[in-house]
Amino acid sequence: MQKIIKPLIKFKITSILVFSFVVFTSCVTGQLGKRNNEDFKNGMVVSAHPEASKVGIEILKKGGNAVDAAVAVQFALAVVYPNAGNIGGGGFMVYRSAKGEVNALDFREKASAAASRDMYLDAAGNPIVEKSLYGHLAAGVPGSVAGMVEAHKKYGKLSWKEVVQPAIDLAEKGFEITKRQASELNGLHRKLMDINVNGTALVNLESTWQERSLLIQTELANTLKLIQQKGRAGFYEGAVADAIVAEMQRGKGLMTKEDLKNYRAVWRKPITGNYRGYKVITMPPTSSGGIALIQLLQSVEPYPLNRWGHNSDSTVQVIVEAERRVYADRATHLGDPDFYNVPQKQLLNLDYNKKRMADFNWSAATPSDKVLAGVIKGKESEETTHFSIVDHDGNAVSITTTLNGSYGSLVAVKGAGFLLNNEMDDFSVKPGAPNMYGLVGGEANAIAPNKRMLSSMTPSIVEKDGQLFMVVGTPGGSTIITSVFQTIINVIDFNMDIQSAVAAKKFHHQWLPDEVYVEKDAIDSLAAEKLKAKGYNLLYRGPIGRVDAIIKTKWGSYQGGADPRGDDLAIGY
Ligand code: DON
């Protein structure tokens, strides 16, 4: 029998979830974003902030390819969308060239060499929740700069100088913040001041932030200039590395110069799977997202979702039962593949996933405590933001990147002007103890020195008949996987255009807690009553997901889906 993650006491999970939703909703709520369902022939960028989308499209117009634009957008988001855009965090990229070559880049943060399994437990062995969430100890070694350098070195066409410059301009000259950003930053004023006694550009000492206030980030501009001049050495060595280490010493964090110097982004083989004649190319571990997405698709493929209809009671029931089983597997079997033997082949086996679905009962919900992770035979050898880009030649990039919680650990590196992540909370700090998204884990995702923490980020690309079809991804912690999944089936099974698929109301289940989270109006009242009668515990909550996607139409043009849950913008040309 596999090591099984034991369901925890319910009130504990619920209390963490209530807390995490407060943090999470701050990274997915907002004013209505602009929609864009027009056709464009030459390329498209969809991101969480209009200024970042503009940067990406300008790079494409200049003759840059999708990777050049992606690097420019990543750095621009670090300036204009500091809740999740970052240089102090990490992420994942899935790439597909116009010719069909695919690749995946893991620039996920790592635990410091001095990290240890029980570092967030008190003397009685209980998790101290605040410790993995806020302050210096919550930060993993950042991966974004190494990731962008790697991506650009392998695929970039324009010079490094050109792709970093737009972010420098935005930081140096400033940009006008949105209404939503103003209210978030005002709300964080006290907390940012408490953690950053020397202040940060994100704190307005003179008055409160207003919509269209100019945010100038001079220190960040200087850091970006060093990155522009020296590449990875501009961040992982020299003045910026010194500033990070000094910051760690100030706040009793763990990161050292060696941790920074040793950090490497890793190219990995993407995961691929088939669904109703489409091929899905997605992120392998250290993210759980790709494996879980393919498992979900394989689990529901035998069922006639199209005949049942979008979010009908039968459709919701089958999806929830699939999610329950897949998230139970996630909790037990997934972790950093450099440290743990992830049984990837077996989890991606069609028969395995079909068998996992064989025991559910149409007349009643399967209680989560009756669902354990699947038994794997033997050993096998072997506030986040998403943006999607396609260039003139048809190369595609799907990147999800994060500081974890909105504004990460809230620690701004003094003198260097950027926020550090709180990604350490994505480890399982104790077997069965939920993290900020209520996710549980065990040995596979236990803390160890230099290990990457498990992610749910699911940047993905879909092919049809060997041609590019869709680029998709989203933030949302544990709901990332189910939101990407629903966006894909909204297009493939329910024939929605991309903007409708992105905007469609979503629901989410993750094994534990045994609740189905539902966006308002996602499920009609009759279907909801039927599901409740079968024992499904529906819990209504705020926005789920913030998907930014692109689709290639059968006429060869591109259409963007920018999530109306945020300020997101699709721009094509
Ligand atoms: O890697 C993960 O799965 C999480 N750190 C993602 C966090 C996230 O999506 C927050 N966004 N709203």
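Tutor: Two strands are said to pair if DSSP finds at least two bridges between them. Strands (E, at least two residues) and helices (H or I, at least four residues) are DSSP runs, numbered from the N terminus. The model is predicted, so local features need pLDDT of at least 70 and side-chain atom pairs count only at pLDDT 80 or more, while totals for chains, interfaces and linings use all residues. Residues are numbered from 1 along each chain as its sequence is written, and side-chain values use heavy atoms, with hydrogens and water left out.

Strand E2 (residues 90-96) runs antiparallel to strand E3 (residues 102-107), and six bridges join them. Strand E3 is mostly covered, for five of its six residues are buried (under 20% relative accessible area, with exposed being over 50% and partly exposed in between; 1.4 Å probe, protein chains only).

We turn next to the open sheet. Two further terms are needed: contact means heavy atoms within 4.5 Å, and angles run from 0 to 180 degrees between N-to-C directions, along lines fitted to C-alpha atoms, for helices over the stretch in contact. Six strands make up this open sheet, in the order E7-E8-E11-E12-E16-E17, and their pairing is antiparallel. Its edges are strand E7 (271-275) and strand E17 (558-562), each of which pairs on one side only. From one strand to the next the twist averages 20°. Helix H12 (residues 289-300) packs on the sheet, where H12 touches E7, strand E8 (278-282) and E11; the direction of H12 makes about 15° with that of E7. Helix H17 (residues 479-492) also packs on the sheet and touches E7, E8, E11, E12 and strand E16 (548-552), with its direction at about 135° to that of E12.

Five bridges join E8 to E11, and the two run antiparallel. Val-280 stands opposite Val-462 in E11. Strand E11 (residues 460-464) also pairs with strand E12 (residues 467-472), again in the antiparallel sense over five bridges. E11 and E12 form a hairpin with two residues between them, and Asp-465 in the turn has a positive phi of about 50°. Because four of the five residues of E11 are buried, this strand is largely enclosed by the rest of the structure.

The surroundings complete the picture. The domain assignment gives domain 1 (63-267 + 383-445) and domain 2 (270-379 + 457-572); such bounds come from an automatic or database assignment. Their C-alpha centres lie 26 Å apart, and 39 residues of domain 1 are in contact with 45 residues of domain 2. The area buried between the domains is about 3,000 Å², of which carbon and sulfur atoms give 67%; buried area is the accessible area (1.4 Å probe) that two parts lose on being put together, summed over both.

A nonpolar core is a set of buried Ala, Val, Leu, Ile, Met, Phe, Trp, Tyr and Cys residues joined through side-chain atoms within 4.5 Å. The largest such core has 177 residues, and those with the most contacts inside it are Phe-75, Ile-87, Leu-224 and Phe-418. Helix H3 (residues 66-80) gives this core its largest share, 13 residues. Domain 1 and domain 2 both contribute residues, and therefore the core lies between them. Residues up to four places away in sequence aside, Phe-75 touches residues including Ile-87, Trp-160 and Leu-224.

Lys-252 has a positive phi of about 60° although it is not a glycine. This residue lies in the loop between helix H10 (238-251) and helix H11 (257-262), and Lys-252 counts as exposed because its relative accessibility is 72%.
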